[in-house]
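Here are some notes to read alongside the structure, written for someone meeting it for the first time. Take the points in order and keep the viewer open as you go.

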Amino acid sequence: MSASLVKACVFGNPIGQSKSPIIHSMFAAQFNLQLDYQKRLAPEHRFVQSATEFFADKQCIGANVTMPFKHDAFKWVDELSSQAERAGAVNTIIRKGEILIGDNTDGYGIVTDLQAHGVELSNAKLLLIGAGGAAKGALPALLDAGLKSVSVFNRSLEKAEALVDYTNSYAPRKTALYTHNDTAFDLVINATSLSLQAKLPDLPDSLFANNPAVYDMVYLSESTVFMQKATQLGCTNVIDGLGMLVNQAAHSFYLWFGKKPDCEPVYAYLRELNNPN
Ligand code: NDP
């Protein structure tokens, strides 16, 4: 007998660019699951209405949430996981009976991808560039992985200060503002959208001096300008954000179905799709 159909979706605005339906269809096929996963364009300021309508259908087992609704979802769900609570944002909603639980799998996504690329997180010194939702969402899982310290750099100082204060409220004395005296990083993560504009953060080349692992959350068909710069300056482990995308989706899938999909074929397919040459 074939499994019954269940539904999930991703809410966002805009949403046309989302690769989540491709990813989750490929995961579902690995387990012969009947999953109808759609993109849902929620009107601005109307996340709650869209999500309420969606979950009124009992076949809907969960949802992903992307920009700009992760904070709305955080406020709307019935319960929060510890990851979501610390991230201050929800990217995954799970139906458990009558209850909707909000979780955040972005941190899992980046930690898993870093580990797959051989990056040692335990006792590592991290430079985190950016203080937006992606930076805040990734930090709880990165800190859980045992980082020694985090230095935060961001264009808007007040946002960097707010992120440092917030992070220290759940992981005391680990996180501070970046200063130009900070060097010898083991890991540099670019959590800004700068690479989408082919721009670099306003930081000295010396941050790459220690041959840190370098991660750009952005993924493009070719290396981002940030990745190119790191490579030119001698960094040997330079990674883009495609693996984070696939791994955060895999963890959402696990939270819905209790099954761990194989990310490798999905990653390879998306890499090919992104880079047809
Ligand atoms: P936000 O809008 O919340 O934050 C944007 C960040 O980029 C802020 O730190 C902002 O600085 C900085 N920034 C933007 N433009 C400039 C500029 N011209 N000069 C300097 N800094 C700039 O976005 P998110 O945090 O949600 O996302 C950031 C990036 O991460 C996006 O490009 C997104 O695609 C990527 N991402 C990738 C994921 C993946 O799975 N690979 C998952 C989530 C995000 P300021 O505070 O000063 O405005």
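**Notes on the model**

1. Let us begin with a charge and a ring: lysine 125 lies over the face of phenylalanine 185, with 5.7 Å to the ring centre. Please keep in mind throughout that this is a predicted model.

2. There is another arrangement of this kind to look up. Lysine 260 sits over the face of tyrosine 254, and here the distance to the ring centre is 5.3 Å.

3. The structure holds 14 aromatic pairs. In one of them, phenylalanine 153 and tyrosine 178 have ring centres 5.8 Å apart and planes at 85 degrees; an angle over 60 degrees counts as edge-to-face, so this pair is edge-to-face. Phenylalanine 153 belongs to strand β8 (residues 149-153), while tyrosine 178 is in the loop between β9 (175-177) and β10, so the pair ties together parts that are 25 residues apart in sequence. Are these two residues buried or exposed? Phenylalanine 153 counts as buried at 18% relative accessibility, and tyrosine 178 is buried too, at 10%.

4. A further pair is worth a look. The ring centres of phenylalanine 208 and phenylalanine 226 are 5.7 Å apart and the planes are at 55 degrees, so the pair is tilted. Phenylalanine 208 comes from the loop between β10 and β11 and phenylalanine 226 from helix α8, so parts 18 residues apart in sequence are tied together by this pair. Phenylalanine 208 is buried, with a relative accessible area of 5%, and phenylalanine 226 is buried at 2%.

5. Which residues form one aromatic cluster? They are Phe11, Phe47, Phe54, Phe55, Phe69 and Trp76.

6. Strand β8 also holds serine 151. Its relative accessible area is 8%; buried means under 20%, so serine 151 is buried. The side chain of serine 151 makes a polar contact, at 3.1 Å, with the side chain of aspartate 182.

7. Next, please follow strand β11 (residues 213-216). Ala213 and Tyr215 point one way from this strand, Val214 and Asp216 point the other way, and all are buried. Strand β10 (residues 187-190) runs parallel to β11 and is joined to it by four bridges; valine 188 stands opposite valine 214 of β11.

8. What does β11 join through three bridges? The partner is strand β12 (residues 238-240), and the two run parallel. Aspartate 216 stands opposite aspartate 240 in β12. Together, β11, helix α8 (residues 225-232) and β12 make a right-handed β-α-β unit.

9. Finally, the ligand. How many residues surround the ligand? There are 22, and the closest are Ala134, Asn154, Arg155, Ser156 and Met217. Methionine 217 has a backbone N or O atom 2.9 Å from a nitrogen atom of the ligand. A backbone N or O atom of serine 193 lies 3.3 Å from a ligand oxygen atom. For lysine 159, an N or O atom of the side chain is 3.3 Å from an oxygen atom of the ligand.

Conventions:
Residues are numbered from 1 along each chain as its sequence is written. This is a predicted model: local features need pLDDT of at least 70, side-chain atom pairs count only at pLDDT 80 or more; totals for chains, interfaces and linings use all residues. Side-chain values use heavy atoms; hydrogens and water are left out. Buried means under 20% relative accessible area, exposed over 50%, partly exposed in between (1.4 Å probe, protein chains only). Two strands pair if DSSP finds at least two bridges between them. A crossover is right-handed if, with the strands pointing away from the viewer, the path from the first strand over the helix to the second runs clockwise. Rings of Phe, Tyr and Trp (its six-membered ring) pair if their centres lie within 6.5 Å; planes under 30 degrees apart count as stacked, over 60 as edge-to-face and the rest as tilted. A charge sits over a ring if NZ of Lys or CZ of Arg is within 6 Å of the ring centre and within 35 degrees of the ring normal. A residue is near a molecule or strand if one of its heavy atoms lies within 4 Å of it. A polar contact is a pair of N or O atoms within 3.5 Å; within protein, one must be able to donate a hydrogen and the other to accept it, and residues adjacent in sequence count only if both atoms are side-chain atoms.
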